[in-house]
Amino acid sequence: NYPPYIKDAQNSETQVGQKGVLQCIASAVPTPEFEWYRDDRRISNGQGVHIQISGFRTFLIVSNVTEDDYGNYTCVATNRLGIHNASLFLYRPGTGKDNNGSACIAQSLWLLLASITCLLFKC
């Protein structure tokens with residue numbers, strides 16, 4: 001048994017009037033429960049927003065995105081052993097807010113630096 005860890009969080013680049021989908025995948029035993037938040041307010045189903053939960057995966061679906069929907073959302077996974085959260089973005093196309101890509105690049109650069117250091121110091 002172990003507390004939740006959100007291993008994948010996918011942002012959504014969505015035009016006004018289209019369907020926006022944010023996704024969060026967690027690893028945990030026992031299976032986690034999920035909640036979604038925006039600006040410290042818990043989001044529930046209704047008024048064009050639908051939350052789907054299937055095992056270790058949850059989706060926040062905004063059926064008809066408006067300007068007011070753009071911004072930062074938080075996915076929270078909990079079980080009796082702990083809690084973990086991730087920040088996701090619903091953003092307008094062309095604004096370059098896809099933080100998943102930049103996190104991946106940062107991680108790759110860190111691994112490259114660690115590898116070079118290891119080669120230089122023969123670890």
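**Entry 1. The sheet**

I started with the sheet: five strands form an open one, in the order β2-β9-β8-β4-β5, with mixed pairing. I looked at its edges next. β2 (12-13) and β5 (41-43) stand there with a single partner strand each, so one side of each has no neighbour in the sheet. I took two strands as paired if DSSP finds at least two bridges between them. Strands (E, at least two residues) and helices (H or I, at least four) are DSSP runs, numbered from the N terminus.

I noted that this is a predicted model, in which local features need pLDDT of at least 70 and side-chain atom pairs count only at pLDDT 80 or more, while totals for chains, interfaces and linings use all residues. Residues are numbered from 1 along each chain as its sequence is written, and side-chain values use heavy atoms, with hydrogens and water left out.

**Entry 2. Pairing around β9**

Which strand pairs with β8 over nine bridges? I found β9 (residues 82-91) there, antiparallel to β8 (residues 71-79). The two form a hairpin with two residues between them. Gly71 stands opposite Leu90 in β9, and Thr74 stands opposite Ser87 in β9.

I then turned to β2. β2 and β9 run parallel and are joined by two bridges. Ser12 stands opposite Leu90 in β9. For reference, strands of a sheet pair through backbone hydrogen bonds, either parallel or antiparallel.

**Entry 3. The whole chain**

I counted one helix and nine strands. From the N terminus, the elements run β-β-β-β-β-β-β-β-β-α.

I looked up burial. Buried residues make up 30% of the 123 residues in the chain. The scale is relative accessible area: buried is under 20%, exposed is over 50%, and partly exposed is in between (1.4 Å probe, protein chains only). The chain exposes about 8000 Å², and carbon and sulfur atoms supply 53% of that area. Areas come from the Shrake-Rupley method with a 1.4 Å probe.

I also looked at contacts, meaning heavy atoms within 4.5 Å. Among those between residues at least 6 apart in sequence, 60% join residues at least 24 apart.

**Entry 4. The disulfide**

How many disulfides does a search of the whole structure find? I got one. The cut-off is a pair of cysteine sulfur atoms within 2.5 Å. The disulfide joins Cys24 to Cys75, with S to S at 2.2 Å. Cys24 lies in strand β3 and Cys75 in strand β8, so the pair ties together parts that are 51 residues apart in sequence. The link of Cys24 and Cys75 is left-handed, with -100° about the S-S bond. Are Cys24 and Cys75 buried or exposed? Both are buried.

**Entry 5. Backbone in the loops**

I kept one general point in mind here. Most residues other than glycine have a negative phi, and most peptide bonds are trans.

Where is the cis peptide bond? I located it between Val29 and Pro30, with omega about 0°. Pro30 sits in the loop between β3 (20-29) and β4 (33-38).

Asp39 is not a glycine, yet has a positive phi of about 50°. Asp40 is not a glycine either, and its phi is positive at about 65°. Asp39 is exposed, with a relative accessible area of 53%. Asp40 is exposed too, at 77%.
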